[in-house]
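Have the model open in your viewer and let's walk through it together.

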Amino acid sequence: MHEPRLLDWRVRFGVLALIWGFSFVFIKVGTEGFAPFQVTFGRLLFGTAVLAVALVVKRDRLPRGARVWGHLTVAAFLLNALPFSLFAYAELTIPSTLAGICNATTPLWGMLLSLVALSEDRPTRVRAAGLGIGFMGVLTVLGAWQGFSGVDVTGTALALLASFSYAVGWIYVRRTLSGTGASNLSLAGSQVGLATLQLAVVTPLFTSFPKSVEILPLLAVIALGALGTGYAMLLQYGVVAEVGPTTAAMVTYFIPVIATAAGVALLDERLTWNTPVGALIVLAGAALTQTRPTPASKPPTTPVAGNIPPADAATLVAAERVGTTDGASCRA
């Protein structure tokens, strides 16, 4: 039996979509005052703080066993440290709107990787068609017919690589962290904490302490971590437990829409016709890759914390042990 909620799950779902959608704006603003690695370290630090408080309040225990911590260290790199840093570097040269759309390609990369990495998740014709449609959408967003003019190739490649890293990370998690006995909150908090330690080592090697700290970039980094990496995880944790991973996974499709609207409205980013049209094609393809031929029994999948659309190799699937078998976690 679920504990009573102060807010309806639909309200919390909407807040979750808004937080993750605005995360790309926060990244862009943060990089105006800090180096990309500093933005990533800050978001992880504040995200860890929120999750640590939640662990203390719920009196949850940290995972046990060197093997589990080893796998969490790899997951922290693939789902947090690496993609968060890549998105921060990407937004030095590409608009937040494009970064948000690139993020939506994660299910497509997951589908592509499942061809060789997840034998139990073989594609159907519909899902294969979704993969092709999705990547056609990417080409539309980038304006392939006009030679990708006006698009920073390096920044776009970094954003797509970040999304690819999410897909690899979710496949790794499905293979290594199922059935650990630890709660999703405990695993997520530990993972984000490990990613924070990884950035704490890397950041001083490639950056120097800023000579001055501007208030707006600082607030953006705090919001990115406390809201997008910490509080959003707790929101999704509750939504999935209440309505299940299938419904919760729909948040993935709102994120690029909100990211695009926020970038245009708040950052005055330029929007050409092919960007929203391509984004819709990407989302349509991603949705098709998530279709399942039969409602076969779901293998237990342990959700952990990632970036903004999170999802397992494709969307959000997981097993939560809080009175229900459904659970999940998103990246952000």
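Predicted model: local features only at pLDDT ≥ 70, side-chain atom pairs only at ≥ 80, totals over all residues.

Numbering starts from 1 along each chain as its sequence is written, and side-chain values use heavy atoms, with hydrogens and water left out.

On to the fold. The protein has 12 helices and 0 strands, where helices (H or I, at least four residues) and strands (E, at least two) are DSSP runs, numbered from the N terminus. Along the sequence, the pattern reads α-α-α-α-α-α-α-α-α-α-α-α. Of the 332 residues, 55% count as buried; here buried means under 20% relative accessible area, exposed over 50%, and partly exposed in between (1.4 Å probe, protein chains only). Take the contacts with a separation of 6 or more: residues 24 or more positions apart account for 88% of them, a contact being heavy atoms within 4.5 Å.

Now pick out α1 (residues 9-30) and α4 (residues 96-103). Their axes come within 9 Å and cross at roughly 135°. Axes here are lines fitted to C-alpha atoms, for helices over the stretch in contact, and angles run from 0 to 180 degrees between N-to-C directions. That angle makes α1 oblique to α4, since under 35 degrees counts as roughly parallel, over 145 as roughly antiparallel, 65 to 115 as roughly perpendicular and the rest as oblique. On the α1 side you'll find Phe24, Val25 and Lys28, which meet Ser96, Ala99, Gly100 and Asn103 of α4. By class, this contact has 3 nonpolar, 3 polar and 1 charged residues (Ala, Val, Leu, Ile, Met, Phe, Trp, Tyr, Cys and Pro count as nonpolar, Asp, Glu, Lys and Arg as charged, and the others, Gly among them, as polar).

While you're on α1, have a look at Ser23, which is found in that helix. Ser23 counts as buried, at 0% relative accessibility, and its side chain reaches the backbone oxygen of Ile19 at 2.9 Å.

The second pair is α8 (residues 184-206) and α9, packed at an angle of about 165° with axes 11 Å apart. The two helices are therefore roughly antiparallel to each other, and their crossing is right-handed. From α8, the contact takes in Asn184, Leu185, Ala188 and Val192, and from α9, Thr229, Met233, Leu234 and Tyr237. Those residues divide into 6 nonpolar, 2 polar and no charged.

Helix α9 (residues 215-243) also holds Gly238, which is buried at 2% relative accessibility. Gly238 and Ala248 sit 10 residues apart in sequence and 9.8 Å apart in space, C-alpha to C-alpha.

Most residues other than glycine have a negative phi. Arg59, though not a glycine, has a positive phi of about 55°. Arg59 lies in the loop between α2 (36-58) and α3 (66-90), and is exposed, with a relative accessible area of 76%. Asp268 also has a positive phi, near 55°. Look for Asp268 in the loop between α11 (255-267) and α12 (274-289), where its relative accessible area of 69% makes it exposed.

Key:
Polar contact = N/O pair within 3.5 Å; in protein donor to acceptor, adjacent residues only side chain to side chain. Left-handed = near helix turned anticlockwise from the far one by under 90°.
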